[in-house]
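These are my notebook entries on a structure that I had not examined before. I set down what I looked up, in the order in which I looked it up.

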Amino acid sequence: MSLALPTSDPTRAATPAFAGGGLAHLVLAAVLVLYPAVASDFFLTQIGAYSLILGMVALSLMLLAGYGGMVSLAQLSVAGMAGYAVAIFGLNSSGVHGFGWPWWIVVPFAVLIAGIASALIGAISSRTDGIYTIMITLAIATATFYFTQQNYALFNGFPGFAGIRAPEFWGVFWRDPVPFYYVTLAVAALCYAAVLYAARSTFGLALQAIRDNPRRMRAIGFDVTAHKIVAYFFAGLIAGLAGVLLVWFNGRISPGTINVAAAINILIIAVIGGMRHPIGPFLGALVVVLMQTFAIDLIGAERFNTLIGLFFLVIVFASPDGLLGLWGRFRPRSGQESLGPSP
Amino acid sequence: MSIAGETGAAPRGLTRGQAWGIVAFFAAAVFAWLLFAVWPDWLNAILISKKAFFSSIFNGITLAGLYFLVASGFTLVFGLMRNVNLAHGSLYLLGAYLGYEVTRITGYWLVGVAAGFAVLAVLGLLMQVFVFRRLEGDDLRQTLVTIGISIVAADLMLWMWTGATYQIATPAWLDGAVKLPVVTAYRSSGDAVFLTYPFYRLVVLAAAIVIGIGLWLLLNRTRVGMMIRAGVDDRAMLAASGVNVHAVFAVVFAIGAGLAGFAGVVGGSALSVAPGEDVRYLLASLVVVIVGGMGSITGAAIGALLIGLAEQVGLVYFPTYGIVLTFVIMVVTLAIRPQGIMGKAR
């Protein structure tokens, strides 16, 4: 089972600086909370909030891949389902659907839809395991993209939905830069903490054990498939929250949002950041968003994909654990283990 | 499982094989009737028209031929090396572009086809030797590398050939339509109206069948094929028995990539060459291989037939839900037979 990230000791597996939690987390939290004081609107939303949103989608992948050994490429499709749910059940300006439900019903509903969709994908892809997961989820992601593009009755086809507004309450329009940043930060922090907590819970430990040796876990009496599907459900909830934020951020959703390149971009983010610790996806998202924004000055906007692709290849070759892995390399470790095959 | 099968021709009734034979016979009979009879009105009412029905069936079968060409390379490489080559669609598209350029420059379509195969085969060989061999036994990293390659390749091809749509010019002897001996209707004057079909598409189908048979012979009747099959079943044991597995891998990868390039030229002549086609054929390969079973040429043929037919029939009868049909086939296969129709349980 080479999708496994074998670790002898789960607490030591994390990058040293974040393993204990404590100080590093406090510093990070302080920096992120105070960030709006120094950042312009552009840096606040286009860099800050956008990185956090992409990081959350990648976090849902990291939860599956890092702890469960299931590399799912359909997480962005799941986020897209939540986004489409917001557009269909909330309000949009495309004149299709738009039932106008209040946001406090739409959001939980959309997130639940995402969770269920993810669990279904999990149920399908758990029929086989290992490297097959990546193929099946990629096929699902591609099929979802083509379906949303072809189908006008449900998804309004190619144009998708536009004019989706974030809610306005307590006298605040939550898409204004500062409120939106804080909402995103709060949700991202919640997801991050939840993943950290879940990883140490009984469920999380069982999931990691299943990743390392499914046969043994099955023999002990654990329901391997159920654990995987529940993990997919949780990952779907995280992706769903990110999807809601994404659709508020863009104000629109169309098949282009969830196309194959975008879905693979999530995997790139997770791999570049590193999938050993939940901070990895956010780190990867920040790097990718910064590259996306400033590569224009470097090589022109058109060739951005070549740049990110080459960077990705270098990371895969040089450091299987992404940037987190590079970080960890500065500290001597006994027998560095990577995304390599288990014996 | 098959009690009837074990007891052979016991008086208890039909064997499994006989039962399937009867089912197949009736299916063939119904199909033959559909094909040669002039349809009554109620049937036309259900299936739009005989012409629409059989056009979609024939389109589905020729598309299946194309999918088979692409997917057979994918499945061979996967079956042998456990290497999910997600850059396979890029190989297809690159083959198509190369075929277009070579055909345009030389003026000979066949040269373009040959170039598509040869260049991509060499490229596949280089990829195997310089990239995948370094990551051997590490499925996930190999897959990630192919993703990286596909991103870079797609972007560079977009740079080189822009977003324009190309069509590879086929020679005159391949153009035109043939009249199939299928009567779709009678005119009021009593003349029969025959179904016509583009000759080129029949050639694509024939090429796919010839290559399929060739691959089958290669795998089942030659020494190299024996090694490949042994490698699919147990790679370590093959290496232990003194075979140079790396040479076998390189050959298989070259064949797989070459077939993708070949399919690119052939498909680019039948349909069109444009960015995004790589994803389309990658999806087709993935689904064909998931449905048909990993590492099986026969499985790839069955999977390609199912997916090609589903896509084209879906296009005619429920246009916006066509992709769902493909998807349903995949899900049902995974539910009933996770290893694919012809796949071996591991």
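Entry 1: salt bridges overall. I searched the whole structure and found 4 salt bridges over all chains, a salt bridge being a side-chain nitrogen of Lys or Arg within 4 Å of a carboxyl oxygen of Asp or Glu. I note the general principle that side chains of opposite charge can pair when their charged atoms come close.

Entry 2: conventions. I record that this is a predicted model, in which local features need pLDDT of at least 70 and side-chain atom pairs count only at pLDDT 80 or more, while totals for chains, interfaces and linings use all residues. Residues are numbered from 1 along each chain as its sequence is written, chains are lettered from A and ligands numbered from 1 in the order in which they are written, and side-chain values use heavy atoms, with hydrogens and water left out.

Entry 3: a pair in helix H5 of chain B. I looked up Arg104(B) and found its side chain in a salt bridge with that of Glu101(B), at 2.5 Å from N to O. The two residues are 3 apart in helix H5 (residues 88-106) of chain B, and are therefore separated by about one helical turn. Helices here are DSSP runs of H or I with at least four residues, strands are runs of E with at least two, and both are numbered from the N terminus. The scale calls a residue buried under 20% relative accessible area, exposed over 50%, and partly exposed in between (1.4 Å probe, protein chains only).

Entry 4: I found a salt bridge between Arg280(B) and Glu277(B), whose closest N and O atoms are 3.8 Å apart. Both lie in helix H12 of chain B, 3 residues apart, about one turn of the helix. Arg280(B) is partly exposed, with 23% relative accessibility, and Glu277(B) is buried, with 12%. Arg280(B) also meets the side chain of Glu311(B) in a salt bridge of 3.6 Å, N to O. This second pair links distant parts of the chain, as Glu311(B) sits in helix H13 (residues 297-317) and Arg280(B) in helix H12, 31 residues apart. Glu311(B) is partly exposed at 23% relative accessibility. Through shared partners, Glu277(B), Arg280(B) and Glu311(B) are joined into one network of salt bridges.

Entry 5: chain B as a whole. I counted 14 helices and 2 strands in chain B. Of its 346 residues, 49% are buried. Among the contacts in chain B with a separation of 6 or more, 72% are between residues 24 or more positions apart; contact means heavy atoms within 4.5 Å.

Entry 6: the end of helix H11. I looked up Ala270(B), which belongs to helix H11 (residues 245-270) of chain B and is partly exposed at 24% relative accessibility. Ala270(B) and Ile168(B) are 102 residues apart in sequence, yet their C-alpha atoms are 8.1 Å apart in space. Leaving aside residues up to four places away in sequence, Ala270(B) touches Gln167(B), Tyr200(B) and Arg201(B).

Entry 7: where chain B meets chain A. How many residues does each chain bring to the contact? Chain B brings 46 and chain A brings 41. Together they bury about 3,800 Å², with 77% of it on carbon and sulfur atoms; buried area is the accessible area (1.4 Å probe) that two parts lose on being put together, summed over both. In chain B, the residues that lose the most area to chain A are Leu140(B), Arg141(B) and Leu144(B), together 16% of what that side buries. I found 0 salt bridges between the two chains.

Entry 8: elements at the interface. Helices H4 (50-81), H7 (139-161), H12 (277-292) and H14 (322-336) of chain B each give two or more residues to the side that touches chain A. H7(B) gives the most, with 15 residues.

Entry 9: contacts of Met330(B). Apart from residues up to four places away in sequence, Met330(B) touches Ile136(A), Ala139(A), Ile140(A), Val287(B), Ile290(B) and Val291(B).
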